Amino acid sequence: MRLRCVLLVFLLVFLVGASLALATNHVWEDFYTAYRSSKNLATGNGLVYNPGERVMTFTSPLNTLTAALFSLLLFNSSDQAVIWLHRILSLVLLGVSAVWLYDATVKAGYGRTGVGVCVGLYTTNIVVVDFSINGQET
């Protein structure tokens, strides 16, 4: 892989996602449901929705624990900062996966057009990008 192409693919995917996040500030309600458990964990109340009630209210342990870590690192001071840190982490991972896709299509011999179409479709797939910026499946 040529470093310039890898960086271009990564930055393209990252910037498309970041632009959508800045333009829409879209966050699904499921993030806030899980984040309430995350914040309770970060504040010492345990991984629960309501302190004292042992009910699992999140779909992704990884997202929940990541949000709890960000909340803890920020001293539970900003919910908006937590979602933005989560978005940045998710977009970095999305960019890395796009680089893997680029590498796989180059190795498979798709040619420039095939590689461009695959990476382009991945980059502009609104479901994939939206999931990455709104606190859903990382």
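Colleague: Is V27 buried or exposed?
Modeller: V27 counts as buried, at 15% relative accessibility. Buried means under 20% relative accessible area, exposed over 50%, and partly exposed in between, with a 1.4 Å probe and protein chains only.

Colleague: Before we go on, what are we looking at?
Modeller: This is a predicted model, where local features need pLDDT of at least 70, side-chain atom pairs count only at pLDDT 80 or more, and totals for chains, interfaces and linings use all residues. Residues are numbered from 1 along each chain as its sequence is written, and side-chain values use heavy atoms, with hydrogens and water left out.

Colleague: OK, back to V27. Where does V27 lie, and what is it in contact with?
Modeller: V27 lies in the loop between α1 and α2. Leaving aside neighbours within four places in sequence, V27 is in contact with Y32, I83, R87 and N134; contact means heavy atoms within 4.5 Å.

Colleague: And how many helices and strands does the chain have?
Modeller: There are 6 helices and 0 strands, so from the N terminus on the order is α-α-α-α-α-α. Those are DSSP runs numbered from the N terminus: helices are H or I with at least four residues, strands are E with at least two.

Colleague: What box do the C-alpha atoms fill?
Modeller: Roughly 60 × 25 × 25 Å, taken along the principal axes. Buried residues make up 36% of the 138 residues.

Colleague: Which residues touch the most other members of the largest nonpolar core?
Modeller: V9, L91, L94, Y102 and V119, out of 15 residues in that core. α1, α4 (79–107), α5 (111–123) and α6 each supply at least two residues of this core, and α1 gives the most, with 6 residues. By nonpolar core I mean a set of buried Ala, Val, Leu, Ile, Met, Phe, Trp, Tyr and Cys residues joined through side-chain atoms within 4.5 Å.

Colleague: Take L94. What is L94 in contact with?
Modeller: Once neighbours within four places in sequence are set aside, L94 is in contact with V13, Y122, V128, V129 and S132. There's also a second, separate core of 7 residues, which includes V27, F31, F70 and V82.

Colleague: Switching to rings. How many aromatic pairs are there?
Modeller: The count comes to 4 aromatic pairs. One of them is F10 with F14, stacked at 6.1 Å centre to centre and 20° between the planes. The rule takes rings of Phe, Tyr and Trp (its six-membered ring) whose centres lie within 6.5 Å; planes under 30 degrees apart count as stacked, over 60 as edge-to-face and the rest as tilted.

Colleague: Why are F10 and F14 separated by about one helical turn?
Modeller: Because F10 and F14 are 4 residues apart in helix α1 (residues 3–24). F10 is partly exposed, at 22% relative accessible area.

Colleague: Which aromatic pair is edge-to-face?
Modeller: W28 and F131 form one, at 4.7 Å centre to centre with 80° between the planes. W28 lies in the loop between α1 and α2 (29–42) and F131 in helix α6 (residues 126–133), so the pair ties together parts that are 103 residues apart in sequence. W28 is partly exposed at 25%, and F131 is partly exposed at 28%.

Colleague: Which residues do ring pairs link into a cluster?
Modeller: F31, Y32 and Y35.

Colleague: What sits over the ring of Y49?
Modeller: The charged end of R36, 4.0 Å from the ring centre. R87 lies over the face of W84, at 4.4 Å from the ring centre. For that, NZ of Lys or CZ of Arg has to be within 6 Å of the ring centre and within 35 degrees of the ring normal.

Colleague: New topic: S71. Is S71 buried or exposed?
Modeller: S71 is buried, with a relative accessible area of 0%. S71 is found in helix α3 (residues 61–73).

Colleague: What does the side chain of S71 make a polar contact with?
Modeller: The side chain of N76, at 2.6 Å. A polar contact is a pair of N or O atoms within 3.5 Å; within protein, one must be able to donate a hydrogen and the other to accept it, and residues adjacent in sequence count only if both atoms are side-chain atoms.

Colleague: And what is phi of N76?
Modeller: Near 55°, a positive value in a residue other than glycine. Most residues other than glycine have a negative phi. N76 is in the loop between α3 and α4, and N76 counts as partly exposed at 24% relative accessibility.
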